[in-house]
Every structure is written in C-alpha cells, then in structure tokens.
Amino acid sequence: MTGGVALKGEGADRGVVTAHVVQKRISSHGRIVGIDASAALTLPGVVAVWTSADVAEIPPIDFRLTRVEGLAPYRQRILAKDRVRYVGEAVACVVAETAVQAKDAAEAVEIDIEELPAVTSPAQALASGAPQL
C-alpha cells in the first residue's frame, strides 16, 4: 500500500475554487452605504463576489449554546447586511480559482461605510442614550 498527500496549490485541486472573506477593518459600527465589486470581478480567476444580497436566503447563524427566544432578532447573518457592528465583520466574499487571486480581488472590493457611534465597554452599553448596535 502506498499513499501520498496532495497539498493545496500543487495542482491537485484543479476545478476547486477558493473563497476569501472581505472585512472592513476600520469601522467598529457603521451603516453600509455601498459595496462596489466591479473592479474585483474583472480580475483574472475571479468567479464571483457575494454580498448580503446574494446570500439573503441563508438564515442567520443560530446561537451555539442555547436558543433563547428573546435573542433570535440578534442572530448574525453570514455577511453584514445594512451595517457593520464590529471591526472585522464579514461584508463580502470573493470566490476565485486560487487563494492569491481571491485575496487580490478582495482588496479590490470597495466598501463605503458611514461611521456611527460605537460602544467599547459594557458600562458604555448600559449608559443612558448609548448607541444601539
């Protein structure tokens, strides 16, 4: 018996695509004004760029430990819809033939976010008039 391992990137994965998540790293809370993927879609190897509109039929992520009915409205969608609530929240997803192409295309996706007030501690969140995330 002989065996071997085909590592990703060595050509053994022909026909397989790679995804790279686009994150907005500078905004902890903001309204998504627009996402422009047109430049990314013209790059070599790019198969698709998905935003919340493209995955709207996928339900929000359920809580892992328990289902508390009152928390259902606060479940997170797989891609941010309408606003971002924390630094690094997934805003779009690029699919391409290789990981390098997906990463390059992700950097070409333009995201316009209107900054909104944020809270950075539990004490701030409980204060009167605190922004509602």
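**Strand pairing and its surroundings**

Modeller: Val-22 stands opposite Ala-92 in β5. Strands here are DSSP runs of E with at least two residues, helices are runs of H or I with at least four, and both are numbered from the N terminus. Two strands pair if DSSP finds at least two bridges between them. This is a predicted model, where local features need pLDDT of at least 70 and side-chain atom pairs count only at pLDDT 80 or more, while totals for chains, interfaces and linings use all residues. Residues are numbered from 1 along each chain as its sequence is written, and side-chain values use heavy atoms, with hydrogens and water left out.

Now the sheet itself. β1 and β5 (residues 90-96) run antiparallel and are joined by 6 bridges. They belong to an open sheet of 3 strands, ordered β1-β5-β3, with antiparallel pairing. β1 (18-23) and β3 (46-50) are the edge strands, each pairing on one side only. From one strand to the next, the twist averages 20 degrees. Strands of a sheet pair through backbone hydrogen bonds, parallel or antiparallel. Helix α2 (residues 99-108) lies across β1, β3 and β5, and runs at about 25 degrees to β1. Axes are lines fitted to C-alpha atoms, for helices over the stretch in contact; angles run from 0 to 180 degrees between N-to-C directions. Contact means heavy atoms within 4.5 Å.

The term means a side-chain nitrogen of Lys or Arg within 4 Å of a carboxyl oxygen of Asp or Glu. Because Lys-103 and Glu-107 are 4 residues apart in helix α2, about one helical turn separates them. Lys-103 is partly exposed at 41% relative accessibility. Glu-107 is exposed, at 57% relative accessible area. Buried means under 20%, exposed over 50%, and partly exposed in between, using a 1.4 Å probe and protein chains only.

Next, the loop between β4 and β5. Val-87 is placed there. With 46% relative accessible area, Val-87 is partly exposed. Leaving aside residues up to four places away in sequence, Val-87 touches Lys-24, Arg-25, Ser-27 and Ser-28. His-29 is 58 residues from Val-87 in sequence, yet 7.6 Å away in space, C-alpha to C-alpha.

Other strands pair too. β2 (residues 30-36) is joined to β4 by 2 bridges, and these strands run antiparallel. Arg-31 stands opposite Arg-83 in β4. β2 also pairs with β6 (residues 110-115), in the antiparallel sense, over 6 bridges. There, Ile-35 stands opposite Ile-111 in β6.

A search of the whole structure finds 2 salt bridges. One of them joins the side chains of Glu-114 and Arg-31 at 2.9 Å, N to O. That pair links distant parts of the chain, with Glu-114 in strand β6 and Arg-31 in strand β2, 83 residues apart. Glu-114 is partly exposed at 36% relative accessibility, and Arg-31 is partly exposed at 40% relative accessible area.

Finally, the whole chain. It has 3 helices and 6 strands, running β-β-α-β-β-β-α-β-α from the N terminus on. Of its 133 residues, 27% count as buried. Among contacts with a separation of 6 or more, 74% come from residues 24 or more positions apart.
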